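Keep the viewer open as you read.

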Amino acid sequence: MTVGPARGWLRSAPLLLCGLLALAGPALAAPADPVWLDSSGRPNASARDALRLLAEAGADGLAPRDYRAAELGAQAAAAAAAPGAAVLPQPAFERDLSAAMRRYLHDLHLGRIDPRALGFPVARSGAATPDFAALLYAGAAAGRLPEAVAELRPRLGQYAKLREALARYRVLAADGSLVHPPFAAAAKRGETYRDGVALHRLLVALGDLPADAPSPTDGDDATLAEGVSRFQNRHGLAVDGVLGRATLAALNVALGHRVQQLEWALERLRWLPDLSARPFIGINIPMFRLWAWDPATPDDATISMKVVVGRALKTQTPVLFEEMRYLVFRPYWNVPLSIVRNEILPTLTNDPGYLQRNDMEIVRGAGDDAKAVAASDENLAGLRQGDLRLRQRPGPKNSLGRVKFIFPNDASVYLHDTPAPQLFSRERRDFSHGCVRAEDPLALALWLLKDQPGWTRDHIQAAMAGTPSRRVDLTRPLPVILFYMTAMVMPADQALYFADDIYGHDTRLARALASRRTVNSF
């Protein structure tokens with residue numbers, strides 16, 4: 001398992017850093033003596049470590065220029081080469097390198113952008129923000145600054161994999177042999193593709209074809225089609241080996257942009273809370289996929305399934321971090337007032353039988369035992385005002401299907417089954433009003449209830465097929481993360497996948513990072 005959390009991850013209090021602080025003592029929180037310079041005024045070993053870390057910040061998707069890495073490095077090099085006594089302005093260099101390192105540690109551990117500023121209510125519940133200055137000075141004093149920095153890096157397996165992918169894609173983006181005119185001509189299996197040599201080179205570089213794959217110059221277009229199919233699979237496209245419009249568009253995305261997608265994904269992983277100690281469910285919205293992990297058995301406890309998420313234009317599924325608390329078998333669907341006003345009431349104008357035909361009823365009061373009332377003009381007016389509710393009874397027509405999974409949140413979003421499973425055959429699956437539809441709700445229910453006595457597969461299937469609604473509280477609530485990353489290493493095949501920015505969140509993050517770089521200095 002590489003996407004779930006690494007064992008022993010204590011994100012809010014790294015063990016090595018706690019030890020360093022204990023050994024170094026509290027005085028290093030504000031050292032009186034120089035931290036980065038030796039007695040001759042030249043950069044010491046810790047300064048060299050710090051400057052190397054800043055220069056290599058790009059390995060984590062950070063920007064060395066944000067930390068004045070080149071400028072500070074040039075100052076240090078000049079001082080090291082100066083004959084006699086160093087001429088480096090000691091107070092300014094000490095101050096600037098310390099400020100750069102504090103900012104770097106903050107960005108590496110927590111991210112450059114506060115996710116709440118982008119409308120992502122992701123909070124690190126219960127996690128205290130580390131004292132970066134104290135950690136910095138303790139690591140420098142102990143001569144273990146690289147190790148101290150490594151402890152602040154997110155300890156998710158996914159983070160490490162994306163970091164590796166970023167290094168590889170930086171090399172690819174700098175490879176002039178992979179620069180090509182836009183692929184434009186479509187081809188079908190069996191047809192010779194005029195840009196086959198350039199496409200073959202790109203697919204080999206991306207790993208979609210083996211290095212020894214026959215070249216199109218050998219007359220083997222079938223191999224090229226296999227590589228196209230693998231590329232399509234990694235980019236969320238219909239897998240047919242044909243260079244259609246969507247496939248050509250994905251092939252023509254600059255590798256430099258793929259580098260940015262990896263950087264944005266790493267940034268978002270830094271926003272996540274501690275996921276080390278408990279099972280959790282993660283849903284990557286633009287990849288239309290759900291996973292469940294249990295850190296107690298990380299190698300064989302994963303489940304994965306397709307999901308349907310909210311429509312990109314009007315009803316986007318929000319990014320959030322909440323606790324799943326209960327399931328409801330055979331649920332009522334309490335229709336949101338926005339859907340009542342914007343969709344159902346206008347439909348009733350021309351189709352008075354709509355409610356009866358769809359097993360819907362108007363009710364007065366809260367709860368499943370609320371009393372149904374007639375669909376009179378007066379009650380329809382009360383429905384429009386929100387004084388009455390509209391709900392759909394449990395059954396084969398119910399929009400929530402046979403079970404819903406509840407993690408209370410301000411957006412009233414939840415997971416549920418669906419009576420329309422045909423949508424899971426689509427590659428792009430943003431069709432809902434904001435809630436998330438699960439492809440295999442039985443598997444999800446089994447995983448959630450595996451430690452609760454009596455909830456066998458047969459028992460769960462009976463509850464899903466029964467008549468009454470039934471709520472089942474989880475004895476141990478667990479985190480649910482709805483996150484948004486357009487680059488991710490999939491656990492099933494360990495391949496790097498990319499997705500379209502369906503909600504425009506990448507664009508907003510890029511703007512926020514550019515703005516931060518413009519206004520922030522030290």
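Pro441, Leu442, Leu444, Ala445, Leu446, Trp447 and Leu448 are the buried residues of helix H15, where buried means under 20% relative accessible area with a 1.4 Å probe and protein chains only. That makes seven of the eight residues in H15 (residues 441-448), a mostly covered helix. Helices here are DSSP runs of H or I with at least four residues, strands are E runs of at least two, and both are numbered from the N terminus. Please note that this is a predicted model, in which local features need pLDDT of at least 70, side-chain atom pairs count only at pLDDT 80 or more, and totals for chains, interfaces and linings use all residues. Residues are numbered from 1 along each chain as its sequence is written, and side-chain values use heavy atoms, leaving out hydrogens and water.

Tryptophan 455 sits in the loop between H15 and helix H16 (457-465), while phenylalanine 329 belongs to strand E4 (residues 320-329), so their pairing ties together parts that are 126 residues apart in sequence. Rings of Phe, Tyr and Trp (its six-membered ring) pair if their centres lie within 6.5 Å, and planes under 30 degrees apart count as stacked, over 60 as edge-to-face and the rest as tilted. With centres 5.6 Å apart and planes at 20°, phenylalanine 329 and tryptophan 455 are therefore stacked. Both residues are buried. The count of aromatic pairs comes to seven, and ring pairs also link Phe280, Trp291 and Trp293 into a cluster.

Now turn to the sheet. Four strands form an open, antiparallel arrangement in the order E5-E8-E6-E7, with pairing defined as at least two DSSP bridges between two strands. E5 (333-334) and E7 (371-373) are the edge strands, each pairing on one side only. Two bridges join E5 to E8 (residues 389-392), and tryptophan 333 stands opposite glutamine 392 in E8.

Elsewhere, two helices meet: the axes of H2 (residues 45-55) and H6 (residues 145-152) come within 9 Å and cross at roughly 40°. Axes are lines fitted to C-alpha atoms, for helices over the stretch in contact, with angles from 0 to 180 degrees between N-to-C directions. Ser46, Asp49, Ala50, Arg52 and Leu53 in H2 meet Leu145, Pro146 and Val149 in H6, contact meaning heavy atoms within 4.5 Å.

Stepping back, the chain has 17 helices and 15 strands, and 50% of its 522 residues count as buried.
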